[in-house]
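Take a look at the model below.

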Amino acid sequence: MQENILNQLNKVFKIKGQVKSPLRIKVVADKDIVSSILLYLKAQMGFIHLNHISCVDWIEDNKFELVYIVWHPEQKQTVLVHTFIDRENPVMENIDTIWDQANTYEREMREMFGIEFPGLVGDREFILEDWQEMPPMRRDFDTKRYAQETYETRPGRENARNVRLEIMKRSGEELPDFAKKYSRD
Amino acid sequence: MTNNPDKHIKTIGIPTEEEIRQAQIDFAPRCTSAGRVNDKETQKIVQYILNFARKHSLFVLAYGTGCGAIEIPATMTSRYDAERFGIRGAATPRQADVLLITGYLSTKTLKRVIRVYEQMQDPKYVMAFGSCTINGGMYFDSYNTIKALDRYLPVDVYIAGCMPRPESVIRGFIKLQELIQNGNAGGGKCYRDNLDWYRANQQKVIKNWNFPDEYNW
């Protein structure tokens, strides 16, 4: 069954996929033909359900990786369509004409990664409010520094230091060895 | 005469000056200077009774932030039964005494919480749940949650834990009742006195301060 799916995709789109597990197929495609693949999967092959669209920031390669996860409810098969887009000028085709729920994922990616989807309907402000910095899920956004600059922290608790060690130091209490093993400083 | 609505209102709705003067004489308080209490001992007793009544009728605003709101149904329902302490829900901020900050508070929610807090009437109390409100907890490096709640709102009781179990919540309420009985609870006055400090902190994290004019007092 998985060979059939791979052969069919290879015949139509000239792409090679690989079988990751008995229930999962991975396909890497160029960004221009991703929407065609998804439409073909939905209309011709019965992958009618869009599970998720996820985004990975490969800052070293200067790329964003988008993963479209679609599902066949009768064959219980999952196909993951991977594609890479440029990180400097991230533009991707809008697919909410194929699945309506893609709109939500795309709006979130637009806000959190700054990826533009031409023709995407919806408010630019989605989850964040009054956000003025760079999109916060990009890896070059220094979350910790921003948090320390913006928010007031309680003195002595600026980081994830172990509380037990602090209490031990102040009160002179002995900590058993097994507790020291799990404490981080 | 029947077709003139203005005249109708005038005769029934708005009393004339003469009627007002007559009503002031009729319904004036009977106990004037003779019955009025001003000495300190009596004030103390009155304050004791007021505090006693307040601590046994804590109306909690049905509003939850973060993940801790899921502990409230368990606290209120039959197993832990918080109503035996006089704790029960209130639908609107104007009817409530206690505001629970149940867990992490994002800046987006903080904006709403400030509005809710300022709508509540004195005496009003704030209880903060979990380590997120104390020092940020596991969100200590998050870009969108505040780290120390008492910089933005006056907090009466902090409950440690992640999340606090209903036993801890009830213990926190008992601590709040102690504070109320001793007259130490209620941050409304503190909030009003140090409003500039609180506002400066709030406006530091809320970038777009587009509150209605009633909140810019």
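The tour begins with how to read the model.

This is a predicted model: local features need pLDDT of at least 70, side-chain atom pairs count only at pLDDT 80 or more, and totals for chains, interfaces and linings use all residues. Residues are numbered from 1 along each chain as its sequence is written, while chains are lettered from A and ligands numbered from 1 in the order in which they are written.

Start with chain B. It has nine helices and five strands. Helices (H or I, at least four residues) and strands (E, at least two) are DSSP runs, numbered from the N terminus. Along the sequence, the pattern of chain B reads α-α-α-β-α-β-β-α-β-α-β-α-α-α. Chain B has 217 residues, and 33% of them are buried. A residue is buried if 20 or more other C-beta atoms lie within 10 Å of its own, exposed if 12 or fewer, and partly exposed in between; the C-beta atoms are placed from the backbone.

Now go inside. In soluble globular proteins, nonpolar side chains tend to be buried together. A nonpolar core is a set of buried Ala, Val, Leu, Ile, Met, Phe, Trp, Tyr and Cys residues joined through C-beta atoms within 7 Å. The largest such core holds 43 residues, and B:Val98, B:Leu99, B:Ile101 and B:Met127 touch the most other members. Several elements of chain B supply at least two residues each, among them strand E1 (58-61), strand E3 (98-102) and helix H7 (166-182). E4(B) gives the largest share, five residues.

Zoom in on B:Val98. Leaving out residues up to four places away in sequence, B:Val98 touches B:Leu58, B:Phe59, B:Val60, B:Leu61, B:Tyr125 and B:Met127. Two residues are in contact if their C-beta atoms, placed from the backbone, lie within 7 Å. A second, separate core has 26 residues, including A:Leu9 and A:Phe113.

Next, see where the chains meet. Chain A brings 17 residues to the contact, and chain B brings 17 residues. On the side of chain A that touches chain B, six residues are nonpolar, five polar and six charged. Here Ala, Val, Leu, Ile, Met, Phe, Trp, Tyr, Cys and Pro count as nonpolar, Asp, Glu, Lys and Arg as charged, and the others, Gly among them, as polar.

Finish at B:Arg151, in the loop between H6 and E5 of chain B. Is B:Arg151 buried or partly exposed? It has 19 C-beta neighbours inside 10 Å, so B:Arg151 counts as partly exposed. Not counting residues up to four places away in sequence, B:Arg151 touches A:Glu152 and B:Asn201.
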